[in-house]
Every structure is written in C-alpha cells, then in structure tokens.
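Hello,

Here is the structure I promised to pass on. Please have a look when you get a moment.

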Amino acid sequence: MAMLKELLDYFKSSEITYIVLIFVIFIVPKFLQRYRLPAAISGFGLGIFAGLGLGYFRGDATIELLSTLGIVTLFLHAGLDINIAELHRNRKILTQHIIIFLALLATTSLAFLAIFDLPYRPCLLIALAVITPSTGFIIDSINALDLKPAEKEWIRSKAVATELVALACMFLTMQSLTLETFLISLVAILALVMFIPLLFRFFTSRIAPFAPNSEFAFLIMLATISAFVTRKIGAYYLVGAFLVGVVARRFQQQIPSVTSERLIGAVELFASFFVPFYFFHSGSLLERDDFSRHAWLLGLAMVLVLIPIRLFVVAGHRRIVLKEPLRVGSRVATPMLPTLIFTLVIAQILRERFAVDAAIYGGLVIYALASSMIVRFVFRSAEPDISTDLLEDGLARIRRGDK
C-alpha cells in the first residue's frame with residue numbers, strides 16, 4: 001500500500017503527468033463524441049475527475065498558464081471573426097434585439113436581487129452569466145448543425161452583438177465600486193483603444209517589411225499583453241483579447257496583413273490546441289460543495305425558467321418583426337442557448353472577487369452545462385466540438401490564404 005502511494009506521489013509530481021494529460025484531453029473527448037457528448041463538456045468533466053476525484057492539477061501553474069492562453073486566443077479569434085458588414089446589414093433588428101436583451105438583463109438582475117442576499121453588482125453578473133450566449137462556442141459549432149445560411153448569419157450576428165454589449169456591461173459592473181476605480185479603468189481601456197491601432201501601424205511600417213511572417217507572433221503577443229492589462233484593472237483577460245481582435249478587424253482595409261485568411265486560420269489553429277486546457281482547468285477548480293443539493297436545485301430552476309424565456313424572447317421577436325412562425329424562429333433561438341464559456345468566466349469572477357456561496361457557483365456551472373447540451377436534442381447532426389471546429393476552420397482559412 002505504501003509502495004502504491006509512493007508510486008502515485010511520484011507520478012503526480014512527474015512531467016509524465018503532463019504527457020498523459022495531453023493525450024487524455026485530446027483523445028478521450030473525441031472518443032466520447034460518438035455518444036453525442038460535446039468535447040468542451042467532456043474536457044470539463046475530465047477536469048472535475050482529475051481535480052476533485054484524484055487531486056491532480058489543482059492550482060497547477062502550468063495548466064493555469066495554458067488555460068489562460070486558451071481563453072485569450074479564443075476571444076482574440078472571436079474579435080477577429082466579427083463581420084462588420086453583416087452587423088451593419090442587420091443593424092435595425094440587432095438594435096431591437098440588444099434593447100430586448102438589456103430589458104431581460106435588468107429583469108433577471110432584479111429577480112436575483114430579490115432571491116439572493118447579495119449586492120446588486122454580483123446579481124447583475126449572475127444575470128449576465130445566464131442570459132449571454134457564448135459566442136465563441138456558438139460560432140464554432142453552428143457549422144456542424146443543419147441550418148440554412150441565412151439562419152447561420154442571424155445566429156452569428158445576434159450572438160456577436162449580444163456579447164459585445166455583455167462585455168461592456170461586465171466591465172461597467174466590475175468597475176463601478178467607486179468613481180475613482182471606474183475612471184481609472186475607463187482611462188486604461190480608452191488608452192488601449194487608442195494605443196493598439198498605433199502599434200498595428202508601427203508594426204506594419206517598421207517591423208513587418210524586415211521580419212516576414214511575423215504577423216502571427218505580433219498578434220498573439222499583443223492580445224496576451226492587452227489581456228493581462230485588462231485583467232490587472234479587474235476586467236478579466238477576455239476583454240483585452242477581444243478588443244485586439246475587434247481593432248484588428250476594423251483595420252482590415254488599411255492593414256490587410258494582420259486580418260488575412262491565412263493569419264486568422266493560424267490563430268484558430270493555435271486556439272484549437274489551448275482551448276481544451278481552459279475547459280479542463282475550469283473543471284479542476286470545482287469543490288465538493290459546488291455540487292450540493294442547493295446547487296442542483298438552483299441549476300435546475302434556472303434551466304426550467306430561463307431556457308424557455310430565452311427561447312421565447314428571440315423567437316417571439318422574430319415572429320413580430322419578420323413574421324416568422326415560432327417554430328422557424330426557434331431554429332435561430334435554440335443554437336443561441338449555450339452560455340458555457342461566458343458563464344464559466346463570470347462564475348470564476350464571482351468566486352474570486354465577490355466570494356459567492358458555493359451553491360450559486362455550482363448552480364451556474366450546472367446551468368451552463370445544461371444550456372450547452374440542449375442543442376444536441378434539437379439538431380440531430382454532428383455534435384459541436386469547439387477545438388475540432390477551430391482546427392478545421394483554421395486549416396480551411398490557411399488553404400484559402402495560400403491560393
């Protein structure tokens with residue numbers, strides 16, 4: 001028995017564990033897809049098993065770093081993938097959709113304020129966590145669903161527009177503790193918005209001509225630095241990374257080299273390797289108290305109440321403005337239900353900065369997993385797999401860029 005314990009302790013502290021982990025988080029989720037289980041959720045479950053079950057990788061600095069690179073590159077890719085023309089073309093209905101989203105956010109926040117013994121700021125964050133579609137997960141999964149091109153465009157446009165507003169709301173909520181904190185954070189964000197384009201221009205004119213094929217490294221480095229800046233001011237990594245992607249996309253005409261198909265494909269390939277570590281790390285952070293009876297009841301209640309409301313809000317709006325039957329509108333509303341990444345990010349913020357009860361944290365995780373699984377019961381097609389879709393899209397973009 002002592003020998004077995006010594007062997008396990010050696011294995012736990014050895015670099016062999018990382019080799020085994022890479023094999024497990026890339027192979028096992030692929031195998032489980034035959035049972036229609038999304039790879040992101042499989043990776044999250046493996047993290048729970050490793051951290052909560054075996055006590056491995058809890059607080060591991062290497063896994064945390066790889067996880068950070070995963071969330072940074074994922075939101076960098078989300079920013080790069082914004083289609084300005086698409087948003088402009090659908091601006092009227094998207095504006096209405098955003099107004100409805102803000103009304104739902106306010107209503108949900110007031111409901112949580114009445115239910116939980118919490119200040120308004122964490123209640124607003126909880127509301128954001130449960131009604132904001134996870135754009136990165138959604139965009140990289142709709143290609144596997146049996147949807148028409150017009151439906152995919154609406155899903156992309158609405159998810160992107162909603163997440164843009166949600167990120168702004170999250171930033172304002174987290175920095176609204178004092179006027180001084182808010183002003184400092186606002187100045188830091190505005191400085192990034194002004195400074196990032198200057199860096200793009202400097203790189204294009206002074207570095208790129210003498211360092212061919214350095215665009216990818218520059219973009220990843222800038223996204224990582226910006227992510228850590230926004231993390232430092234309390235706005236979390238994803239804000240800075242997303243901002244770099246958005247600014248790069250805005251300059252696609254003036255600086256085409258940093259938004260080319262080939263470069264975006266390289267970012268997708270990079271993200272496809274690191275994103276699984278994010279889900280694994282998120283799962284490894286869970287505690288036993290996060291799965292208490294109260295957590296399950298709260299998660300189930302949110303699924304039963306919020307999922308139908310979110311479906312009806314999107315489908316009902318389309319019924320009024322586009323005269324679509326609710327059944328047709330639900331084909332756009334249902335793929336927008338997953339909140340996995342956004343919920344996990346906000347749940348971690350709530351635990352670190354507001355010390356919310358374990359039942360609330362666990363309830364949010366349960367809701368996120370359930371909302372991200374629902375699509376498989378509606379669309380009988382290939383399962384969403386964020387890492388595989390990123391890989392395939394990245395390879396396709398690189399091939400197009402070579403032509």
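This is a predicted model: local features need pLDDT of at least 70, side-chain atom pairs count only at pLDDT 80 or more; totals for chains, interfaces and linings use all residues.

Residues are numbered from 1 along each chain as its sequence is written, and side-chain values use heavy atoms, with hydrogens and water left out.

Let's start with charge pairs. The count comes to seven salt bridges (a side-chain nitrogen of Lys or Arg within 4 Å of a carboxyl oxygen of Asp or Glu). One of them joins E86 and R156, at 2.9 Å from N to O. E86 sits in helix 5 (residues 84–89) and R156 in helix 9 (residues 149–174), 70 residues apart; helices are DSSP runs of H or I with at least four residues, numbered from the N terminus. E86 is buried at 8% relative accessibility, whereas R156 is partly exposed at 24% (buried is under 20% relative accessible area, exposed over 50%, partly exposed in between, with a 1.4 Å probe and protein chains only).

E153 and R89 also form a salt bridge, again 2.9 Å from N to O. E153 belongs to helix 9 and R89 to helix 5, so this pair ties together parts 64 residues apart in sequence.

As for cysteines, there are zero disulfides (cysteine sulfur pairs within 2.5 Å). C123 is buried at 1% relative accessible area, and C169 is buried at 15%.

Best wishes

Note on methods:
Helices (H or I, at least four residues) and strands (E, at least two) are DSSP runs, numbered from the N terminus.
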